[in-house]
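Hello,

Here is the structure I said I would pass on. My notes follow below it.

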Amino acid sequence: MAAYDKAILPGGEGKIKIQLHTSGREGLLEKTAEIFSNDPNQSTAKMTVKAQIKPIIILTPTHLHLTAKKGDPLSAEMEVKANLDKPLTLKPGQYNLTERLNYTVVEVEKGKKFIIRFKRTHGLTEPLQGYLHLKTNYPEKPEVTIFIQCDLI
Amino acid sequence: MEPVNKLILAIIMGFFLFYCSADPITTYGAPKLTIKEQIFDFHEVMEGQILEHDFVIRNQGDQPLTIQDVKTG
């Protein structure tokens, strides 16, 4: 989104406002705006805003990608860590692999670090693909999503 | 010098002077867009914010500058 002054008199100045939305983003984020004007020698010009986005909640790994032998039991762990200086709480949200892959949330460092343990005791007969939403107490990040994929070999 | 040669020389000089004066900015005036900084870096920021930056553009020409559109991608 960009807001801008439409006309600038000779010798004058104008502004072009560029917004950068960082929700759900992580790492390097760039946005380029292209201006179209009546300058006969430079009818277009570009400007760029960029930022290095730090996540509010760090997932390690960023998503769960498993491979298992057909019929074998399955277990995996994921770490969820708060990146703000206030206690984090997690509550179960929507989960679309219920009864196919169980999970438990263990708070290993109060308000700071959690381990999500995924487990399936009876063997897997087909690949799994889904997500787990966990609700948080952070207004800046009300939900974290863990993507889950399990391939059979 | 023969009159015919003088005429040819005059025509060549006429074309040369016309070519030299053909710069539209100096002759007829035009807007000129300049941007003070083309890249702005917010550096490290926490996720969840809406960041804003105002780029300053100047018109260093002698006719009004019109911004027809700004496209972001």
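Of the 73 residues in chain B, 12% are buried (20 or more other C-beta atoms within 10 Å of the residue's own; 12 or fewer is exposed, in between is partly exposed, and C-beta atoms are placed from the backbone). This is a predicted model, in which local features need pLDDT of at least 70, side-chain atom pairs count only at pLDDT 80 or more, and totals for chains, interfaces and linings use all residues. Residues are numbered from 1 along each chain as its sequence is written, while chains are lettered from A and ligands numbered from 1 in the order in which they are written.

Chain B has two helices and four strands, in the sequence pattern α-α-β-β-β-β. Helices (H or I, at least four residues) and strands (E, at least two) are DSSP runs numbered from the N terminus.

An open, mixed sheet of five strands has the order E2(A)-E4(B)-E4(A)-E5(A)-E2(B). Its edge strands, E2 (7-8) of chain A and E2 (39-46) of chain B, each pair on one side only; pairing requires at least two DSSP bridges between two strands. Strand E5 (residues 44-54) of chain A runs parallel to E2(B), joined by six bridges. One bridge partner of A:Gln52 in that strand is B:Glu44.

Some backbone points to check:

- B:His43, in strand E2 of chain B, is not a glycine but has a positive phi of about 60°. B:His43 is exposed, with 7 C-beta neighbours inside 10 Å.
- A:Glu99, in the loop between strands E9 (90-95) and E10 (102-109) of chain A, also is not a glycine and has a positive phi of about 70°. A:Glu99 is exposed, with 7 other C-beta atoms within 10 Å.
- The peptide bond from A:Thr60 to A:Pro61 is cis, with omega near -5°. A:Pro61 sits in the loop between strands E6 (57-60) and E7 (64-68) of chain A.

Regards
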